[in-house]
Amino acid sequence: MKPETTTRVLISFDCGHPSEELLQLLPRLLGTRPLELTGLYVEDEDLLRAAALPGLREVSLNGQVAEMDVNRLQQEQAAEASSIRKSFEAVAARMRMQHRFLVTRGRASEELTRIADESDFVLITRALRTSGLRPRSGVHYDGLLRQSRNILFVNEPWRSGSSVVVLGGTEDSLDVARRFSEAEALTVVLAAEASEPQSLEADSKLLDVERRVTLAEWTEEAIADLCLAEDARLLIVPKTHPLDWEELLPRLMDRLPCSVLKLC
């Protein structure tokens, strides 16, 4: 993060309007430094190009079928961006947070990665269970995951699950888990690999961890099973670990119902 006193937070609204509940998460995760929020809405050029293809049909939620209309789609995107902007600005103003809102047009993944480069923390909402919406797949965020950046993927609805699962035991990840779990009344579960001794900095904090479990190995299957067994609301991925998180995280995001915090 930059040395100034403000933490720059980018919030991507792919899947709906901002909620005060989500913005209230940020101080719990990021501490006491003032936050500078940037809301982002991307008018997706890939969608507009697809709509312009001849013979393409649109099926509404009520089963009606019609030809795609590019002009109408552009108007709908503009209207949605305006509505999200108003909601975001109202919530940020109530919370007295410095904020701005950006509307860009381009390939959604590329625009997100480009604008995230100016931020310290990225919050992405993914509507897993909202009628009519499908979340973007994990590979959509490949470019973003390659950046050295703290990222929270919120798999909505947020208020589900009763624990925070921490992989490994770095001081930073345990501090975040403890601060967040206290605010949300959740249990902290520290997962360690059987063959990997705990670091000294983690050992000094283990007395404050409610539960400790051991995994035979760090695999997609094992991590997914752990989150299910522990009824996780949030999975915290450590900043240092020999696993290739750029490859593993997209698969986990498509599989897990809980939210995922990647620390850099």
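C227 counts as buried, with a relative accessibility of 5%, where buried means under 20% relative accessible area, exposed over 50% and partly exposed in between, computed with a 1.4 Å probe on protein chains only. The model is a predicted one, in which local features need pLDDT of at least 70 and side-chain atom pairs count only at pLDDT 80 or more, while totals for chains, interfaces and linings use all residues. Residues are numbered from 1 along each chain as its sequence is written, and side-chain values use heavy atoms, with hydrogens and water left out.

A disulfide is a covalent bond between the sulfur atoms of two cysteines. Here the term is applied to a pair of cysteine sulfur atoms within 2.5 Å, and a search of the whole structure finds zero disulfides. C227 is accordingly in no disulfide, the nearest cysteine sulfur being that of C258, 4.2 Å away.

The next stop is strand β7, which spans residues 150–156; strands (E, at least two residues) and helices (H or I, at least four) are DSSP runs numbered from the N terminus. I151 is found in this strand and counts as buried at 0% relative accessibility. Although I151 and L123 are 28 residues apart in sequence, their C-alpha atoms are 6.0 Å apart in space. Leaving aside residues up to four places away in sequence, I151 touches V122, I124, L144, L145, V260, L261 and K262, a contact being heavy atoms within 4.5 Å.

V154, also placed in β7, is buried at 0% relative accessibility. Its C-alpha lies 5.9 Å from that of R126, a residue 28 positions away in sequence. With residues up to four places away in sequence again not counted, V154 touches L22, L123, I124, T125, R126 and S259.

Strand β8 covers residues 163–167 and includes S163, which is buried with a relative accessible area of 2%. Beyond residues up to four places away in sequence, S163 touches L186, T187, V189, E230, D231, A232, R233 and L234.

Turning to the helices, α1 (residues 20–30) and α6 (residues 171–184) pack at an angle of about 140°, with their axes 8 Å apart; axes are lines fitted to C-alpha atoms, for helices over the stretch in contact, and angles run from 0 to 180 degrees between N-to-C directions. That angle makes α1 oblique to α6, since angles under 35 degrees count as roughly parallel, over 145 as roughly antiparallel, 65 to 115 as roughly perpendicular and the rest as oblique. In this packing, L25, P27, R28, L29 and L30 of α1 meet V176, R179, F180, A183 and E184 of α6. By class, the contact has seven nonpolar, no polar and three charged residues, with Ala, Val, Leu, Ile, Met, Phe, Trp, Tyr, Cys and Pro counted as nonpolar, Asp, Glu, Lys and Arg as charged, and the others, Gly among them, as polar.

Helix α8 (residues 220–229) and helix α9 (residues 245–255) have axes that come within 10 Å and cross at roughly 40°, which makes α8 oblique to α9. Their contact is made by E220, E221, I223 and A224 of α8 and by W245, L248, R251, L252 and R255 of α9. Sorted by class, the contact of α8 with α9 has five nonpolar, no polar and four charged residues.
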